[in-house]
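Hi,

Here is the structure I promised to pass on. Please have a look, and my notes follow just below.

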Amino acid sequence: MAGIYIHIPFCKSKCYYCDFYSSQDISKTEQFISSLLIEIEQKKNYLIDNETIETIYFGGGTPSVLNPKQIQEILSKIYTTYNFSSKTEITFELNPDDITEEYLMLLKKAGINRLSIGLQSFNNNMLKLMNRRHDVKQAINSVKIAKNIGFNNISVDLIYGLPNTNLDFLKDELDKIIKLDIQHISAYHLTYEDKTVFKNYLEKGKLRELPDTESQKQFVYLTKFFEDNGFEQYEISNFAKNNLYSKHNSNYWFGVEYIGLGPSAHSYNKQSRQWNIANVKKYIAEIENNNIFYEKENLTVNDKYNEYLLTRLRTKWGIDLNYIEKNFGNMYLRHLISYVDKYLNLEYIYKQKNIVHLHKNYWFLSDKIISELMKTI
Ligand code: SF4
């Protein structure tokens, strides 16, 4: 079992909080697709044991800048290059302003069976502040169109912890999101990333970060609200109804191999990790000239142990002590247990048989705890 992530590196404009790699020069799209098709071919032996592809994820950037013919071209190349399962989850990220009935019908026809729509907020002033291209009406309408067409695995993104917000603001957002009656929600606390407009605003005093106590309050309220409304929190930022977890993202947390395609995309095959150059022009040029366009690091046992903790402790699946012993040895197990005992006493952590879980209310503070459990040698 393995996954494919395709980074579509274009956005019509840049959202002020976003640090994902994207270019606003959409004129390079055709050249990019040609390079991408070459990369798909080049990576055909990347997976150990020629694993079957069970998830494909179009992310970005903005995949919805592509036309249906381009999407079909990419999928056809993937189908003819890799082994894939007939049950493959194929997710496509969209912005509400790109959604039309005709476009979604063509996506469905191309085999896309899961949508991830970037709504982010239900407040027009906030959408403007974030430099989103859509308004609330378009956002709600985009979900209605997707449902009418027959998509029954829809995820939407929400950002909370926004500047100058409080619980009343959040309650209003949550009441609106729940009315959409969709299957999956990804809710992320706003972070002020380097080189973003929001970070610049923060440094100049134009925006103020929420106090930690307010952020924590919003997180606890939001998780309870979603659980009361039939969603299961299966990862710090992800909530699903009826076990409709994102298979693609869950596989990352289970250490499943994946191939990353396109500028800035990461690939992982259990032995090494590599990441493509985060520049569309250079990506195209290097592929055209048959040059290396990625950096690579071989993973040590220590790297693998730390990644296991990092990815699993913020999920409902927790850390399996048997797995640690079997895969990393007794030294790592003893290191882990010494810290686990400390947090067991503080009641941040609980154990069920051999599985160690972080209490959900502390997921929000998980960075500090995980960094202690990690091993540095
Ligand atoms: S949030 Fe999405 S649409 Fe906005 S700039 Fe980032 S990748 Fe592009």
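Two residues are called in contact here, or touching, if their C-beta atoms, placed from the backbone, lie within 7 Å. By that rule, and leaving aside residues up to four places away in sequence, Leu158 touches Leu119, Gln120, Glu173, Ile177, Ile185 and Ala187. Before going on, note that this is a predicted model: local features need pLDDT of at least 70, side-chain atom pairs count only at pLDDT 80 or more, and totals for chains, interfaces and linings use all residues. Residues are numbered from 1 along each chain as its sequence is written.

Leu158 also belongs to the largest nonpolar core, which has 63 residues; with Ile4, Ile6, Ile154, Val156 and Ile185, Leu158 touches the most other members. A nonpolar core means buried Ala, Val, Leu, Ile, Met, Phe, Trp, Tyr and Cys residues joined through C-beta atoms within 7 Å. A separate, second core has 15 residues, including Tyr308, Leu309, Ile324 and Ile349.

Next, Tyr17, which sits in the loop between strand S1 (2-8) and helix H1. Helices (H or I, at least four residues) and strands (E, at least two) are DSSP runs, numbered from the N terminus. Tyr17 counts as buried because 22 C-beta neighbours lie inside 10 Å (20 or more means buried, 12 or fewer exposed, in between partly exposed, with C-beta atoms placed from the backbone). Beyond residues up to four places away in sequence, Tyr17 touches Met130, Leu190, Thr196 and Phe198. Lys195 is 178 residues from Tyr17 in sequence, yet their C-alpha atoms are 9.3 Å apart.

How do H1 and H10 cross? The axes of H1 (residues 29-42) and H10 (residues 280-288) come within 9 Å, at roughly 50° (axes are lines fitted to C-alpha atoms, for helices over the stretch in contact, and angles run from 0 to 180 degrees between N-to-C directions). H1 is therefore oblique to H10; under 35 degrees would be roughly parallel, over 145 roughly antiparallel and 65 to 115 roughly perpendicular, with the rest oblique. Gln31, Phe32, Ser35, Ile38 and Glu39 in H1 meet Val280, Tyr283, Ile284, Ile287 and Glu288 in H10.

Finally, the strands, which pair if DSSP finds at least two bridges between them. An open, antiparallel sheet of three strands runs S13-S15-S14, with S13 (319-320) and S14 (349-352) at the edges. Two bridges join S13 to S15 (residues 355-358), and Ile319 faces Val356 in S15. Elsewhere, S7 and S8 form a hairpin with two residues between them.

Best wishes
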